[in-house]
Amino acid sequence: MSMKSLVSRKGLLAAVQIAAVLMVAACGAPVKREDAQLPVFPPPPDEPRFYFERSIYSTADVTKEGKSSDMKRMLTGEVESGDGMTKPYGVAVYHGRVFVTDSGARSVIAFDIPQQRTFRFGESGDGALGMPLGIDTDGKGNVYVVDAAAKQVQMYDKDGKFVKTLAAGSRLSRPSGIAVDNEGARMYVVDTGAVTNEKHRVMVFDVAENKHLFDIGKRGTGEGQFNLPRDVTIGTDGLLYVVDGGNFRVQVFKPDGTFVRVFGSIGRQSGQFSRPKEAAIDPDGNVYIVDAAFGNFQIFNTSGQLLLAVGSRSEQDKPAKYMLPSGIAIDGDGRIYMVDQFFQKLDIYRPAKLDPNGGFAAKKAAPAAKGAAGG
C-alpha cells in the first residue's frame, strides 16, 4: 500500500468520526431533562418560591465520568447507566449527601452530590437490613434507619459504617418513620400498628443508653391519639410533628409527649389530606407533608395554614410529576429532596432565594478538599 493511500484512508476515517460526532450532537444525543423548561412553583405570574432542579435515577446521575466516556456516548448514542433504585422509600440528607432507603435492594444508597460519588450500605454483615423504610440523620451526619422486617433501628456513621443496633426487643409492631434530634440524644420511632392491634404510637428512646423511655399516643381519633401514624419530624421550634395517616391530619406534641395542636382533615381540597406519608421541616420552620394520592407535597406554616402545594399526580414520568411519592427531606440550605417509589426517582427542588450555584448540592459546586469531612 502506498503512503498516499494510507494517508487518504486516515483522512477518510477522521472525516467519518467527525461527521458522526456532529450528527449525534445535532440530532442523535439523548436530551437531558435539564435541557427542557423546568417547572417553577408557584407558576408565573406569581413570584417563584421553588425551582425544580433535577432528577436522580441512578448512580450515573451523580458520579463523575472521564472525557473518554463522554466521547463514547457521543459517538454511539449510548445512554448512561448505573446502579438504580429498586424500591426507594425514605430519604434523609446531610450537607448534600443524600441517603435513600431501598427496600427492594435491602440497603441504603448514598448519593454524595458534592463529591460526585455514590455508595451503598446495610447490604450484609453487621447492620444488615431486611426492609429499610424511614431514615433520618443527626447533626453529625450519623444515619438512623428503620428496619421494618427486624423491627429495630440500625445506626451508621455518615460513610455507611455500622455503629450499633437500637430499639431491638422493644416490642415494635410495624415501625415506619423516624426522627432523631440534632444532638443524636433522643430518637422517636413511629409504630404504625395494624387494624388488629392497639400499637399506634410514637416510641421514644435514649440513643446513648439504647433505652426505651416512654410512648406518645395510643389508638383512637381524639387529640393525642393515632390511627396508622406514618412519620414524625422535629420542628425548628423543638416540637414533634406526627403524620397521623388514618386520621388524615398532623398532630403536634412537645418532646415529653404533651399534646399541643392539630391541623388537617380528610378531603380533596388544598390543605386537606388523602394519603399523607412522610414529613420534613425547612430552615424557616415550615412543615412539608407528602401526599401519595395527590402526588405532591404541601407546605404549611407551624399553625397549619397552607402556603403552597408542589407537584401533581401523573402516570407519565416528568419533572414534578408523581405516581407514588413517599419520602421527603430538606437540607440546611433549603433544597428539597422527594422520593417517588413508582418512578424510582429522587427529585430535587431549589428555593428561589438560593443561588443556582450555591448550597451544598450545587451542580457546579467545587469538590471538597482531600481529607475533608464528608457531606
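1. In strand β18, V250 has F263 as its bridge partner. This is read from a predicted model.

2. Aromatic pairs number 14 in the structure. One of them joins F41 and Y349 edge-to-face, with 6.1 Å centre to centre and 65 degrees between the planes. The pair links distant parts of the chain: F41 lies in β1 (residues 40–41) and Y349 in β27 (residues 345–351), 308 residues apart. Both F41 and Y349 are buried.

3. F41 and Y349 also belong to a cluster linked by ring pairs, together with F50, F52, Y288 and F297.

4. The largest nonpolar core has 17 residues, and Y288, F297, I299, V310, I328, I336 and Y349 touch the most other members. Strands that each supply at least two residues of this core include β2 (50–56), β20 (287–291) and β26 (336–340). Apart from this core lies another, of 16 residues, among them V62, M85, V98 and I109.

5. Leaving out residues up to four places away in sequence, Y288 touches F50, F297, I299, I328, I330 and I336, among others. The contacts of Y288 also include E278, D282 and Q298.

How values were computed. Residues numbered from 1 in each chain as written. Predicted model: local features only at pLDDT ≥ 70, side-chain atom pairs only at ≥ 80, totals over all residues. Heavy atoms only, no water. Phe/Tyr/Trp six-rings, centres within 6.5 Å; stacked < 30°, edge-to-face > 60°. Helix = DSSP H or I, 4+ residues; strand = E, 2+ residues; numbered from the N terminus. Buried < 20%, exposed > 50% of the residue type's maximum accessible area, 1.4 Å probe, protein only. Core = buried A, V, L, I, M, F, W, Y, C linked by side-chain atoms within 4.5 Å. Contact = heavy atoms within 4.5 Å. Pairing = 2+ DSSP bridges.
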